[in-house]
Amino acid sequence: MQVLRFHLLSRLLYVPGFLIERPYFLSPTPPVGRTYFIGGKTLKRKGKHSKAVLCALLSSAVLCQIPGLSWAEGEDNLFDFDPIVVTATKTPVKLSESNANMTVITRKDIEEQHYADLSEALRNVPGVTINNYGTGIGHEASNMLRINGSDKIVVLVDGVRVDAAGVNFAAAAYSDLDNVEKIEVLKGAAASLYGANAKGGVIQIITRKAEGNKSTLTYTGGSYDKENYAFMNQGKAGDYSWVVTSQKDIMGDYKDANGTTVPEHRNAETTTFKLTKAINEKSDITFDYQKYQSDYMYSGTNYYLNQRNPGNMDNYNWKLIYNNQLTDKLKNRLTFYNGVYDNTFQWSNNAGTSMEKVKTMRLQDEFTQTLADNHTVTGGFEYSRDKVVSKGNKKLSNSAYYVQDEWNLDRQWKLTSGVRYDDSAQYGSNTSPHVNLGYKANEDTSYYVSYNKYFIVPTPDQVFNNTYGNNNLKAEKGDNLEFGVNHRLSDTLSTTFHMFKRSSSNAVFYDYNLWKYVNSDEKVHGWDIQLNKQVTKQLSTYVGYTHTTIDATIQQAENVDGYVPKGYWNVGADYRQERYDIHLQGRGVSDKTGPQNGTAYSNYFPESTYWVWDFALNYKLSKDAKTFLRVNNLFNKFYAEQSNASNRPGWGGNPGEWYTSPGRNYQLGVQYQF
């Protein structure tokens, strides 16, 4: 067993690469064989049986090392309707009392569902839409990740903003979830607290804290020559605590539901390291480092599967977080962030190389003062600077001051108000106010109404691109009005309802006639309803529906050229026993029609309404080991989330030209904790 551990650790600590997004102009190239030369490395496909053999060996080794099987005591499986969240107000509060439209993905969800990356986890969050190019390899930052119909979102890790200027957050590149405790998704504008881009919402990743001295080894294999090796170690020693993770992920060609093979490859590695030092009882400091590296190759649409577009991604960031309880009622949080987003790829037929590289630095100093048991004020300062290396080292900077007053007027009414002042070096100053009024009718029912303004500056590419850029663009301004209800029908049944209306002036769109980015107005409204039911102690279910309407503009058809479905269903069931648990998740897409105008062919997508189901199973081999199975697209549905079936002049599209999504595929793995 020690030899096996050493072998797996050596594989984990060897780190070759990562992936990223890619544009997709179509140019056929001669097909190549199953050996790829990417980033100076020759990558060969492994035998189909190697993963299954390794999985069996690891399972056997785990069982052979354990003299007797001792099962863990049964867990309390009652569904938690009301977890504690922090993203809504920056202060801990029960979800039902947050007066916000929020969803929480817990550590338990991550461990039971075995999500491959963050984007896979987010797919089951109401109000979130993702449109991948096939599996998403090579297009990690162009997957149209949207909340409430907007791709203007803020991403935080432990309260520190980690997204870069002009780069859509590459959720698929956040592939190591072993260090994640939970993910909070706030839907709706939150600019007064989190600044520019918090138009659609906020995604906050909260990392794990060391609970003791233990390590975990995980091996996963399956369809598409998939291999994943993961190692996690956490521990405490004196005033220090740490969490270290390392992951290697390999994937090859995939097949869509019609059996068509789509050539691609990814060889990615992720490393995270979090070290916390307790200075005294009232203060601590944390150093956090994350790195993602990938070599990849992706092909074109189903019309151009002979294309070969190789590339590599090399992203890393580090941050310092200092927490200090100055007095019993005053605490301070000082953070510093430094990150690099670096993605380079080569067009097929040696048509050229494209690079996107941004260096980001942020400094934030925040104070929270408890004035009374029912009154809390949070305020701070934030400075950010982005150096866009790929755009001639252009520098963008912003200074901001913000304050929020959270006041429980009595046992029923809660008023939260705030304001943020932004001073952009390129686009001047702006003030974004926010007010939220919550009413708790009784222990089972609460209501809220919220109003937010936001301010968004154009991205570097929208301004500085030599072909499409427009240096006359104005900053976007807008407001968001939201209403919500949370109601507990019984001890085992709860429901929520939300609706919003958003209006923007000077939003930035790409004009296909002018071949430039331009300003235009935008209007969006939508609603959602969610229902959670604990059927028995072992069985829980949920169902939800989200409806989104984005008005057409001169530049694009309704619902972002029909890419954002008007209707979206989230359905699931979880069954848990002492030794095993089973999970079924379904997502239903309704009225994803494409542009539906003269710029598109009639069959823009294979289907405009369809369902995709995923299945997960976990089985305890012992108290320290388990095996698991995940099946994606259980019923082998043929669909596509991205299309090139456009007849725009110069576009080069064809009827039925899509980036088809993977058909039914599986992952089989084993995990051992020691």
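View 1. Phe-336 is partly exposed, with a relative accessible area of 25%, where partly exposed lies between buried (under 20% relative accessible area) and exposed (over 50%), for a 1.4 Å probe and protein chains only. Trp-318 is likewise partly exposed, at 26%. This is a predicted model, in which local features need pLDDT of at least 70 and side-chain atom pairs count only at pLDDT 80 or more, while totals for chains, interfaces and linings use all residues. Residues are numbered from 1 along each chain as its sequence is written, and side-chain values use heavy atoms, without hydrogens and water. Rings of Phe, Tyr and Trp (its six-membered ring) pair if their centres lie within 6.5 Å; planes under 30 degrees apart are stacked, over 60 edge-to-face and the rest tilted. The count by this rule is 25 aromatic pairs. Between Trp-318 and Phe-336 the ring centres are 5.4 Å apart and the planes lie at 45 degrees, so the pair is tilted. Trp-318 belongs to strand 19 (residues 309-325) and Phe-336 to strand 20 (residues 330-346), 18 residues apart; strands are DSSP runs (E, at least two residues) numbered from the N terminus.

**View 2. The tilted pair of Phe-497 and Trp-527.** These rings are 6.4 Å apart centre to centre, with 35 degrees between the planes. Phe-497 lies in strand 28 (residues 493-511) and Trp-527 in strand 29 (residues 516-534), 30 residues apart. Phe-497 is partly exposed at 27% relative accessible area, as is Trp-527 at 33%.

**View 3. An aromatic cluster and a charge over Tyr-512.** Ring pairs join Tyr-468, Tyr-510, Tyr-512, Trp-515 and Tyr-517 into a cluster. Arg-648 lies over the face of Tyr-512, 3.7 Å from the ring centre; a charge sits over a ring if NZ of Lys or CZ of Arg is within 6 Å of the ring centre and within 35 degrees of the ring normal.

How values were computed
Helices (H or I, at least four residues) and strands (E, at least two) are DSSP runs, numbered from the N terminus.
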